[in-house]
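Biologist: Hi! Could you walk me through this one? I'd like to start with the ligand.

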Amino acid sequence: MSKSSASSNLKTSITVNDLIEMKQRGEKITALTAYDVTFARLIDEGGAEVILVGDSLGMVIQGHETTLPVTIDEMVYHTKACSKGVKRGLLVADMPFMSYQASVEQALMNAARCIKEGGASAVKFEGGEELAPTIRRLVEIGIPVMGHVGMQPQRVRMYGGFGLQGADSAEAKKIMRDAEAVAEAGAFAIVLEKIPRSLAKKITEKIKIPTIGIASGPDCDGQILVSYDMFGLTDQFKFRFVRKYIDMAQEVRSAVGKYRDDIRAQTFPSETESFE
Ligand code: KIV
């Protein structure tokens with residue numbers, strides 16, 4: 001099989017190189033999280049270039065207060081479901097807490113599960129300089145890696161919350177060093193989470209790979225949001241950095257109310273909605 005006919009058979013049409021070229025052309029990257037086949041398909045059809053199966057599923061799907069309890073088995077399960085719905089975008093699996101930090105071997109085996117069993121095209125993990133050897137090894141054997149620096153939710157117990165990182169100059173320097181180390185190790189993109197806009201701009205100008213921002217201002221090469229926040233499903237919380245593009249929580253409550261009214265009025269199901 002020729003290389004071009006082989007690549008036209010690939011299920012995903014956006015590659016890691018496409019994202020790097022988008023940065024070079026100054027085209028902004030759209031990324032969103034997904035956790036199941038239905039939303040993954042809709043987000044893909046809506047035109048997101050990157051679909052991240054985020055470990056945020058620990059909070060928005062499983063109801064935990066942090067992402068810490070999420071397991072690699074759960075990530076593989078959700079990634080597999082999402083992979084059935086994604087045809088165009090780059091599907092990235094997030095590696096959960098303690099599925100990659102213990103050793104390079106542990107990271108390799110768990111990243112391989114995300115690719116082989118989950119059907120992801122790439123993996124993402126949180127961390128900076130300390131994870132450069134792990135990133136280098138994964139990339140060496142052909143697993144694309146997305147980095148994640150700034151506010152790293154898996155470090156919530158160290159921070160004592162999910163607050164802004166990089167506000168003082170020592171922290172900002174450390175985050176810059178982390179981003180440079182991740183890029184030099186061969187990551188194809190990097191998430192910048194909850195850092196000051198000016199720092200995100202400096203990092204974006206300095207490194208060659210695309211920066212995907214969340215709560216880090218408009219100067220990143222792309223933006224990512226937790227889809228449930230952007231869809232207005234998590235309306236028990238209010239986040240300054242989230243723009244709600246649809247009020248799905250209200251739509252769902254109102255649909256359930258109408259359904260209940262129809263059942264009580266005995267107008268559902270109708271003749272045409274029943275069988276002889
Ligand atoms: O888990 C997640 O959803 C993430 C994004 C917010 C970047 O890491």
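Biologist: Where does the ligand sit?

Modeller: In this predicted model, the ligand sits in the largest pocket.

Biologist: And which residues are around the ligand?

Modeller: Among them are Thr-33, Leu-52, Gly-54, Asp-55, Ser-56, Asp-94, Lys-124 and His-148. Val-191, Ile-214, Ile-224 and Val-226 belong to that group too.

Biologist: How does that shell divide into nonpolar, polar and charged?

Modeller: Five residues of the shell are nonpolar, four are polar and three are charged.

Biologist: How far is a polar side-chain atom of Ser-56 from an oxygen atom of the ligand?

Modeller: That distance is 2.5 Å. For Lys-124, a side-chain N or O atom is 3.0 Å from a ligand oxygen, and for Asp-94 the corresponding value is 3.1 Å.

Biologist: How much of the ligand's accessible area does the protein cover?

Modeller: On its own the ligand has 260 Å² of accessible area, and the protein covers 96% of that.

Biologist: New topic: what pLDDT does the chain average?

Modeller: The average is 96, and 96% of the residues score at least 70. Over residues 1–7, though, the pLDDT is below 50. Beyond near neighbours in sequence, that stretch has two contacts in the model.

Biologist: What should I keep in mind where pLDDT is low?

Modeller: Predicted coordinates should not be read in detail there.

Notes
Residues are numbered from 1 along each chain as its sequence is written. This is a predicted model: local features need pLDDT of at least 70, side-chain atom pairs count only at pLDDT 80 or more; totals for chains, interfaces and linings use all residues. Side-chain values use heavy atoms; hydrogens and water are left out. A residue is near a molecule or strand if one of its heavy atoms lies within 4 Å of it. A polar contact is a pair of N or O atoms within 3.5 Å; within protein, one must be able to donate a hydrogen and the other to accept it, and residues adjacent in sequence count only if both atoms are side-chain atoms. Accessible areas come from the Shrake-Rupley method with a 1.4 Å probe; for residues, only the protein chains shown count as cover. On a 1 Å grid over the protein atoms alone, a cavity is a set of points where a 1.4 Å probe fits but cannot get out, and a pocket is an open set with protein on both sides within 12 Å along at least five of seven lines; lining residues have an atom within 4 Å of a point. A molecule sits in a cavity or pocket if more than half of its atoms lie within 2 Å of its grid points. Ala, Val, Leu, Ile, Met, Phe, Trp, Tyr, Cys and Pro count as nonpolar, Asp, Glu, Lys and Arg as charged, and the others, Gly among them, as polar. pLDDT is the predictor's confidence in each residue, from 0 to 100. Contact means heavy atoms within 4.5 Å.
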